[in-house]
Amino acid sequence: MSSSATVTAPAAPRSASPGAEAQPVTLRRVIRSEWIKFWTLRSTWAVLSAAVVGMLVLALIVAYNTRHLTSNLQANDIAPSSTLQGYYLAQLLIGALGVLFVSGEYGTGMIRSTLVAVPRRLPVLWAKLVVFVTVTATSMIIVSIVAFVCAQALLSHYRTGFSLSDPGVLRVVIGTGIYLTLVGMIGGALGWIVRSTPGALVAYFAVVLVLPVLFGEALGNWGKQVAEFLPDQAGASFSTSIPESSYSLSPWVGLLVLVGWVAVALAIAAGVLRRRDA
Amino acid sequence: MIEVHQLTKRYGAKLAVDNLTFTVRPGLVTGFLGPNGAGKSTTMRLILGLDAPTSGTATLNGKPFAEHTRPLHEAGALLEARAVHTGRSARNHLRVMAATTGIGRRRVDEVIEMVGLADVASDRAGSFSLGMGQRLGIASALLGDPQTLILDEPVNGLDPDGVRWIRNLLRGLADEGRTVFLSSHLMSEMALTADHVIVVGRGRLLRDQSMAEFIAAASAETVRVRSPQARELAGLLAGEGVTVRDPADGMLEVEGLSSDRIGTVAASAQITLYELTTLDASLEEAYMSLTEDAIDFRSPAGPGAQAGVAA
């Protein structure tokens, strides 16, 4: 009956069979929906695995390059956090993951389906946040621990390294995972605010790459002071263990400042999501 | 039931929807007609809460759409541009939609079957043809077994089989007592599908009446006459308020005179008639003349203008 080879003949219309009826929309159900959305895109897998591989490979490279204590090595190079330098790469990937999770909906028009299914809108933002935080916090904390342990295992063949039980080390290792999750949330918030993928990516890279350089290097002393409060440096004061710290914020204050940035970004995102035409 | 009251939407300087008031009743297929840019899509977006009105209200089954606890059960929507992530398979897209309202996989497979996408349900939606994309959109609209269907240009890109299928589907849904509201810019398609018609142009309401009334009102009667003395007859019929065309040799199309009158004139002049037929007015023409003043994107008039555009 159908004239097309791939599309089969449509059946007669039928109402939903019993047990298949629509239930009230709840945050829990929206989270379930966002969970399916997250895992049914190839880009999710690609970006997330790139971040994991990047963290592991860079940890081993750094460990290998610093296996012998030579006069070339700075204190920074042998600090516990030095083997987690893969976070430079991972923060770009995780940020992009956060951006794409939101802007991908605007780019394809999916957002209209989403907002017809959840017309109150804000549950979508919270659900995406729950899914994103669950996935990135879990994967990035685990990969930070694994990368650290593997790198130290490699190092221990040549010199004394660090263990997770050394003072401050656990904070730095888990902190790296937390840092990546928090900056990824800024990426997601920028996705809501900017909506276009290229625009949101540019905004994100500006926040984590351009602004720190601009304030940290180009604007003199007052710039440096501002730079310490930018998301990337404030977060780094929590996730690094450089001994003669160049960061003036204490680790926990730094974390608090970063959380503040995330809260502001999400508040703006929620505001524009509620008000703007989709 | 959709109730739109003094609805207005302004985008910057452009008034997309201008003080629209109408009701779409259950149990009927209601066509929403107008040229491109008349504000049909915007009105549908306002009803679904995707856009906020500048003023006025739109309610669905008695409440603003966003206030319903089971939105997909209240309204199923097919929106003009594709509203599907191109990287996700058809089945996964429907699972995503279904999950928000606790609908299981069985219903997902059921609607896939219903729209005839069973063989391609695992393919990425980005690889779909326009017609397949429309079927996926319709599957998505049917998912929650909705009381109201809001479909923007649903026959776009469908093959003749698909067009016939959707016509029957919509008829069946309306007969079950549901509200069916679909837009189109083609009168000919609507005439076959809709019981009631709402016509808009430049965001304003032009007609809100039953399809039968619209057709009757639109009918400027045309009479086709075949005669070996067609030219002679044409001279006799010509007069004030009468238009006579001669589309073929020995044939006339007369507007403004009844067939009785033409027959009488011919008889008194002893003119032989082979045929004297009253034609149904072209619905498309009636619709075009109704919306003529309201077309936003008119094509350039005449060959000169066209050449100008090309150059």
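In helix H3 of chain A, the residues A:Ile94, A:Gly98, A:Phe101 and A:Val102 meet A:Lys128, A:Phe132, A:Thr136 and A:Met140 of H5(A), where contact requires C-beta atoms, placed from the backbone, to lie within 7 Å. The residues of this contact comprise 5 nonpolar, 2 polar and 1 charged; Ala, Val, Leu, Ile, Met, Phe, Trp, Tyr, Cys and Pro count as nonpolar, Asp, Glu, Lys and Arg as charged, and the others, Gly among them, as polar.

The model is predicted, so local features need pLDDT of at least 70 and side-chain atom pairs count only at pLDDT 80 or more, while totals for chains, interfaces and linings use all residues. Residues are numbered from 1 along each chain as its sequence is written, and chains are lettered from A and ligands numbered from 1 in the order in which they are written.

The axes of H3(A) (residues 87-108) and H5(A) (residues 122-155) come within 11 Å and cross at roughly 160°. That angle makes H3(A) roughly antiparallel to H5(A), a description applied to angles over 145 degrees. Axes are lines fitted to C-alpha atoms, for helices over the stretch in contact, and angles run from 0 to 180 degrees between N-to-C directions. Helices (H or I, at least four residues) and strands (E, at least two) are DSSP runs, numbered from the N terminus.

Chain A also faces chain B: 46 residues of chain A are in contact with 53 residues of chain B. Helices H1 (27-39), H2 (42-65), H3 and H4 (110-117) of chain A each supply at least two residues of the side that touches chain B. By class, that side of chain A has 21 nonpolar, 15 polar and 10 charged residues.

In chain B, the domain assignment, which is automatic or taken from a database, gives domain 1 (2-210) and domain 2 (220-279). The centres of these two domains of chain B, taken over C-alpha atoms, are separated by 46 Å.

Chain B contains an open sheet of 3 strands in the order E2-E1-E4, with antiparallel pairing; two strands pair if DSSP finds at least two bridges between them. Strands E2 (14-24) and E4 (55-60) of chain B stand at the edges with a single partner strand each, so one side of each lacks a neighbour in the sheet. Neighbouring strands of this sheet are turned by 20° against each other on average, direction ignored. E1(B) (residues 2-11) pairs with E4(B) over 5 bridges in the antiparallel sense, and B:Ile2 stands opposite B:Leu60 in E4(B). Helix H1 (residues 40-47) of chain B lies across E1, E2 and E4 of chain B, running at about 115° to E1(B).

Note on methods
Parallel < 35°, antiparallel > 145°, perpendicular 65-115°, else oblique. Contact = placed C-beta atoms within 7 Å.
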